[in-house]
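Please read the following report alongside the sequence and the three-dimensional model.

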Amino acid sequence: MKRREFIGAVAGATAATAMTAYSNEAPQQQAAMQPQQTFKWKMVTTWPKNFPGLGTGANNIAKLITEMSGGRIDVKVYGAGELVGAFEVFDAVSRGNAQLGHAGAYYWKGKIPSAAFFSAVPFGLTAQEMNAWMYYGGGLELWEEAYKPFGLIPNPGGNSGTQMGGWFNKEINSIDDLKGLKMRIPGLGGEVLKRAGGIPVTLPGGEIFPSLQSGALDATEWVGPYNDLAFGLYKAAKYYYTPGWHEPGTTMECMINEKAFNELPADLQSIVRNAIKVANADMLSEYTARNQQALQTLINEHKVELKHFPDSVLKQLKDIAIQVVEEEAAKDPLSTKVWASQKAFKEQVMQWTGNSEQAFLKARSL
Ligand code: CA
């Protein structure tokens with residue numbers, strides 16, 4: 001081949017290669033150059049804005065979604081009462097007035113009888129066991145079935161761990177001490193208190209302290225030391241009881257408006273789902289890290305008296321809880337199905353917890 005022909009051939013080949021490469025890359029380059037679609041989302045919550053653990057857990061989900069999506073989804077968080085009231089969160093997200101809602105499913109048990117089973121069941125699953133049921137025991141699929149008619153996709157959106165039994169101004173030495181007691185306690189725990197002769201009240205977090213202080217409430221539960229210290233509940237009650245038999249490992253929820261979710265491309269859908277999953281684990285870590293410090297502050301600085309419910313009271317509450325939960329589960333077909341799933345799961349996972357953590361915790365305290 002003569003030199004000129006050779007150069008010409010190489011140039012031609014290079015041009016052809018370049019042309020091929022260009023044809024292959026062109027769609028990607030075009031895609032990269034096109035402005036990506038961005039989404040402005042609102043998250044409404046049942047918690048006071050920036051409230052430790054719960055409000056900041058909601059903020060965490062928003063931050064993770066915004067960061068992980070490189071700003072393609074921009075989530076703005078609204079505290080209770082900013083856009084809608086605490087107990088209007090479900091309807092707001094269902095209607096699409098907000099795309100995300102952070103709450104506790106038991107707040108909606110008047111609307112969806114099975115909802116309470118997805119947050120907390122008295123004497124039921126711990127945080128770790130709830131996550132196991134949700135992700136690997138069929139719980140989340142049942143929850144999706146419950147929320148589907150409302151155009152909502154539920155997700156476990158944080159867990160408080162085992163809560164505290166609550167704040168009282170009198171000692172609870174027998175179950176009779178609960179009779180006539182007006183106590184803020186939501187969900188199935190409230191139904192158990194009612195059966196024990198008490199008067200359960202459901203109030204959003206922000207209304208608890210003033211109601212306890214004014215005497216409108218005799219007693220209240222809220223979450224645990226980290227949150228209860230932040231609300232100043234020690235200023236209105238003397239005795240702080242443990243354990244939170246009514247909320248052994250409460251799952252918070254992050255619900256997504258289904259229509260808004262379906263409008264997202266697949267990568268953003270995965271980001272939303274996984275950001276919520278990360279935040280679910282993160283909240284439990286934060287509570288586990290901070291509760292004991294807060295409890296020490298309550299006892300040492302605020303002179304709160306830490307008390308344990310007597311075993312006899314707990315045993316009676318447990319017997320009542322078994323009846324109440326069965327009766328609540330029988331009220332509608334979905335509740336029956338959900339409780340059948342959770343109950344079967346509980347019976348097997350309790351054995352594993354007994355053979356692992358419970359056995360170890362016993363050994364550690366020897
Ligand atoms: Ca609670």
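What is the volume of the largest pocket? The largest pocket has a volume of about 1,600 Å³, where a pocket is an open set of points on a 1 Å grid over the protein atoms alone, fitting a 1.4 Å probe and having protein on both sides within 12 Å along at least five of seven lines, and where lining residues have an atom within 4 Å of a point. The volume is the space filled by probe spheres set on the points, which are joined across faces, edges and corners.

This is a predicted model, in which local features need pLDDT of at least 70 and side-chain atom pairs count only at pLDDT 80 or more, while totals for chains, interfaces and linings use all residues. Residues are numbered from 1 along each chain as its sequence is written, and side-chain values use heavy atoms, with hydrogens and water left out.

**The pocket lining**

The lining of the largest pocket comprises 46 residues, and Gly124, Leu125, Thr126, Thr162 and Pro248 are those nearest its centre. Two or more lining residues come from each of helix H4 (127–136), helix H10 (266–300), helix H11 (311–329) and helix H12 (333–364), helices being DSSP runs of H or I with at least four residues and strands runs of E with at least two, numbered from the N terminus. H12 gives the most to this lining, with 12 residues.

**The calcium site**

The calcium ion has protein donors at 2.2 to 2.8 Å, namely Gln163 (OE1), Glu221 (OE), Glu221 (OE), Trp222 (O) and Glu247 (OE); donors are N, O and S atoms within 2.8 Å of the metal (3.2 Å for Na, K and Ca), and since water is not among the atoms, sites may look incomplete. Distant parts of the chain are linked here, as Gln163 lies in the loop between strand S5 (156–159) and strand S6 (166–168), and Glu247, 84 residues apart from it, lies in the loop between strand S10 (239–242) and strand S11 (251–257). Gln163 and Glu247 are both buried, buried meaning under 20% relative accessible area, exposed over 50% and partly exposed in between, with a 1.4 Å probe and protein chains only.

**Covered elements**

Helix H6 (residues 187–195) is largely enclosed by the rest of the structure, because 7 of its 9 residues are buried. The buried residues of H6 pack against strand S7 (182–184), strand S8 (199–201) and H11, contact meaning heavy atoms within 4.5 Å.

In strand S3 (residues 100–104), 5 of its 5 residues are buried, with Leu100, His102 and Gly104 on one side and Gly101 and Ala103 on the other. S3 pairs with strand S1 (residues 39–45) in the parallel sense over 3 bridges, whereas 5 bridges join S3 to S11 in an antiparallel run; two strands pair if DSSP finds at least two bridges between them. Thr45 has His102 as its bridge partner in S3, and Gly104 stands opposite Met252 in S11.

**Backbone details**

Thr242 and Pro243 are joined by a cis peptide bond with omega of about 0 degrees, and Pro243 is placed in the loop between S10 and S11. Two residues other than glycine with positive phi are tabulated below.
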